[in-house]
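Trainee: I am new to this structure. Please show it to me, and then let us go through it in questions and answers.

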Amino acid sequence: MKKFENVDKLKHFGAGALVAVLPSAVRIIGGDLVMGNLTAVKLGVFLCVAVAAWAELKDSRSTGTPDGLDFAITVVGGLTVAVLML
């Protein structure tokens, strides 16, 4: 694996983690009245999978390079945050 591919995968992991943590951040800022912790975690994982799928679909329909491993690494980043937020 080339060096720039490792950086790309790290960016995908970070993007998945960032997307997954957003609903929990909203819950923390807004309090438990906005949503419960489990709801925020579930929403974060759902958003992470949706954004990863959208990005790979966009790559496949444009000049990007679709890669199933990018999707998987993005989702793993989101699941890592979800586990830590429980």
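Mentor: One definition comes before the rest: a residue is buried under 20% relative accessible area, exposed over 50%, and partly exposed in between, with a 1.4 Å probe and protein chains only. The model is a predicted one, in which local features need pLDDT of at least 70 and side-chain atom pairs count only at pLDDT 80 or more, while totals for chains, interfaces and linings use all residues. Residues are numbered from 1 along each chain as its sequence is written, and side-chain values use heavy atoms, with hydrogens and water left out.

Trainee: Is Asp8 buried, exposed or partly exposed?

Mentor: Asp8 is part of helix H1. Its relative accessible area is 29%.

Trainee: Which helix has the highest confidence?

Mentor: Confidence here is pLDDT, the predictor's score for each residue, from 0 to 100. The protein averages 89, and 94% of the residues score at least 70. The lowest mean, 88, belongs to helix H1 (residues 3–30). The highest, 95, belongs to residues 68–85, which form helix H3.

Trainee: In what order do the elements run from the N terminus on?

Mentor: Elements are DSSP runs numbered from the N terminus: helices are H or I of at least four residues, strands are E of at least two. By that rule the protein has 3 helices and 0 strands. From the N terminus on, the order is α-α-α.

Trainee: What share of the 86 residues in the protein is buried?

Mentor: The C-alpha trace spans about 45 × 25 × 15 Å along its principal axes. Of the 86 residues, the buried ones make up 28%.

Trainee: How far apart are the end C-alpha atoms of helix H2?

Mentor: The expected span of a helix is 1.5 Å times one less than its number of residues. H2 covers residues 37–61, which is 25 residues, so it should span 36 Å. The model agrees, because the distance between its end C-alpha atoms is 36 Å.

Trainee: How are H2 and H3 oriented to each other?

Mentor: Axes are lines fitted to C-alpha atoms, for helices over the stretch in contact, and angles run from 0 to 180 degrees between N-to-C directions. Angles under 35 degrees count as roughly parallel, over 145 as roughly antiparallel, 65 to 115 as roughly perpendicular, and the rest as oblique. H2 and H3 pack at about 170 degrees, their axes 9 Å apart. The two helices are therefore roughly antiparallel.

Trainee: Which residues in H3 do the residues in H2 meet?

Mentor: Contact means heavy atoms within 4.5 Å. From H2 come Asn37, Val41, Val45, Cys48, Val49, Ala52, Ala53 and Glu56. In H3 they meet Asp70, Phe71, Thr74, Val75, Gly78, Leu79, Ala82 and Met85.

Trainee: With which residue does the side chain of Asp70 make a polar contact?

Mentor: Asp70 lies in H3 and is buried, because its relative accessibility is 5%. Leaving out residues up to four places away in sequence, Asp70 touches Asp8, Lys9, His12, Glu56 and Thr65. A polar contact is a pair of N or O atoms within 3.5 Å; within protein, one must be able to donate a hydrogen and the other to accept it, and residues adjacent in sequence count only if both atoms are side-chain atoms. At 2.5 Å, the side chain in polar contact with that of Asp70 belongs to Lys9.

Trainee: What is the relative accessible area of Thr74?

Mentor: Thr74 is in helix H3. Apart from neighbours within four places in sequence, Thr74 is in contact with His12, Gly16, Cys48 and Ala52. Thr74 is buried because its relative accessible area is 7%.

Trainee: Is Arg27 buried or exposed?

Mentor: Arg27 belongs to helix H1. Not counting residues up to four places away in sequence, Arg27 touches Asp32, Met35, Gly36, Asn37 and Ala40. With 16% relative accessibility, Arg27 counts as buried.

Trainee: How far is Lys42 from Asn6, C-alpha to C-alpha?

Mentor: Lys42 is a residue of H2 and counts as exposed, because its relative accessibility is 56%. Lys42 and Asn6 are 36 residues apart along the chain, and their C-alpha atoms are separated by 28 Å.
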